[in-house]
Amino acid sequence: MASYLVTGTSRGLGLAMVAHLANSSESDVGVIFAAARSQTPDLQSLVKKSSGRVVYIDMDTTNQVNVDNAVNAVEKRLGDQGLDYLINNAGVGGFAPGWTENLTDLNEEFNVNVSGTHIVTTLFLPLLRKGQAKKIMNIGSTMGSLALAEMFSIFPLPAYKVSKAALNALTIQWAQALSGEGFVVTSINPGTVKSAMGGGKVADLTLEQGATGILEAIVKGGPEKNGKFSMITVPGWENAAGLHRYDGSFMQW
Ligand SMILES: NC(=O)c1ccc[n+]([C@@H]2O[C@H](COP(=O)([O-])OP(=O)(O)OC[C@H]3O[C@@H](n4cnc5c(N)ncnc54)[C@H](OP(=O)(O)O)[C@@H]3O)[C@@H](O)[C@H]2O)c1
């Protein structure tokens with residue numbers, strides 16, 4: 001019975017991942033720590049329905065004291081066990097109509113998407129070291145790929161693109177630092193998912209498809225995936241005609 005901690009679970013992909021995990025067999029998934037900066041009605045309802053399996057953890061990923069308190073709360077619940085899977089999902093990003101010349105949101109996006117991920121990974125590491133699975137997954141984006149920057153230049157998201165490229169760089173640093181201890185640290189790309197951030201109806205995938213793809217990728221990822229950036233796999237979308245192919249392949253940095 002593996003334990004999971006997902007950040008940014010108030011809504012969107014994070015909430016959908018918690019819902020998916022809560023519906024999974026108890027022989028595969030044990031306790032699920034749903035971390036968020038507030039307990040929204042949807043999250044509250046999942047916690048209530050789960051009979052103690054989904055545990056709400058109050059956590060703003062950018063606030064070190066807050067993350068420290070979250071570690072203590074998780075440790076208390078786990079007892080002698082470690083934490084198996086960490087999914088760094090919390091993120092921000094928005095269209096910047098003024099483009100790069102008027103880029104004003106860089107610090108905020110960098111703070112959440114990169115520094116927050118780093119704080120959470122660092123402070124949860126002792127618990128992850130005690131875990132069996134030793135898997136850490138960061139949620140990347142096509143927008144963070146330098147190789148594909150030209151192709152995606154029509155999207156006015158300069159701060160998001162910079163922060164997600166840096167998140168990929170951070171993923172590599174952690175993968176190298178922890179590979180000797182048997183960890184698998186990866187960056188996963190969910191393509192476009194119908195969340196507030198993903199562009200609502202115009203996105204390719206439902207929240208359930210995106211969440212399932214991410215969760216399957218973290219469970220299946222072996223050492224060959226350490227320090228790699230991959231697309232999720234979505235049955236029926238492997239050869240999609242749009243900008244993304246959901247075939248589980250490695251992405252270009
Ligand atoms: N949707 C897509 O198409 C897509 C594509 C590629 C990558 N991604 C990535 O997938 C992840 C989830 O995105 P989404 O589509 O689900 O977006 P979303 O619906 O906007 O949800 C973002 C989540 O992150 C949380 N969050 C933001 N800042 C936080 C902080 N400092 N501490 C804790 N939680 C924080 C939000 O909490 P609040 O409710 O408190 O604001 C919310 O729960 C992000 O990392 C995003 O970059 C999404």
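What follows is a dialogue on reading several features of this predicted model.

Colleague: Which residues of the largest nonpolar core touch the most other members?

Modeller: In this predicted model, the largest nonpolar core holds 61 residues, and those touching the most other members are Tyr-4, Met-17, Val-18 and Ala-34. Taking Val-18 as the case, and leaving aside its neighbours within four places in sequence, its contacts are Val-6, Thr-9, Ile-32, Ala-34, Leu-46 and Val-54.

Colleague: Why is α1 described as largely enclosed by the rest of the structure?

Modeller: The reading rests on burial, for which a residue needs 20 or more other C-beta atoms within 10 Å of its own. In α1, 9 of the 11 residues are buried, so this helix is largely enclosed by the rest of the structure. Met-17 and Val-18 are among its buried residues, as are Gly-12 and Leu-21, and the elements against which the buried residues pack are the strands β1, β2, β3 and β4 together with the helices α2 and α6.

Colleague: Which residues are closest to the ligand, and how many surround it?

Modeller: The ligand is surrounded by 30 residues, of which Gly-8, Gly-12, Gly-91, Ser-195 and Gly-198 are the closest. Two elements, α1 (12-22) and α4 (106-130), each give two or more residues to this shell, and the largest share, 3 residues, comes from α1.

Colleague: How should I read the length of helix α5, and what does α5 pack against?

Modeller: As a general idea, an α-helix has 3.6 residues a turn, so residues three or four places apart point the same way. Helix α5, residues 158-178, has 21 residues and reaches 30 Å from its first C-alpha to its last, close to the 30 Å expected at 1.5 Å a residue. Its buried residues include Tyr-160, Leu-167, Leu-170, Trp-174 and Leu-178, and the buried residues of α5 pack against α4, β5, β6 and β7.

Colleague: What should I notice about phi at Ser-51 and at Lys-134?

Modeller: Most residues other than glycine have a negative phi. Ser-51, although not a glycine, has a positive phi of about 50°, and Lys-134, also not a glycine, has a positive phi of about 55°. Ser-51 is found in the loop between α2 and β3, whereas Lys-134 lies in the loop between α4 and β5.

Colleague: Are these two residues buried, partly exposed or exposed?

Modeller: Ser-51 counts as exposed because it has 8 other C-beta atoms within 10 Å, while Lys-134, with 19 C-beta neighbours inside 10 Å, counts as partly exposed.

Definitions and conventions
Residues numbered from 1 in each chain as written. Predicted model: local features only at pLDDT ≥ 70, side-chain atom pairs only at ≥ 80, totals over all residues. Core = buried A, V, L, I, M, F, W, Y, C linked by C-beta atoms within 7 Å. Buried ≥ 20, exposed ≤ 12 C-beta atoms within 10 Å, placed from the backbone. Contact = placed C-beta atoms within 7 Å. Near = placed C-beta within 6 Å. Helix = DSSP H or I, 4+ residues; strand = E, 2+ residues; numbered from the N terminus. Expected span 1.5 Å × (residues − 1).
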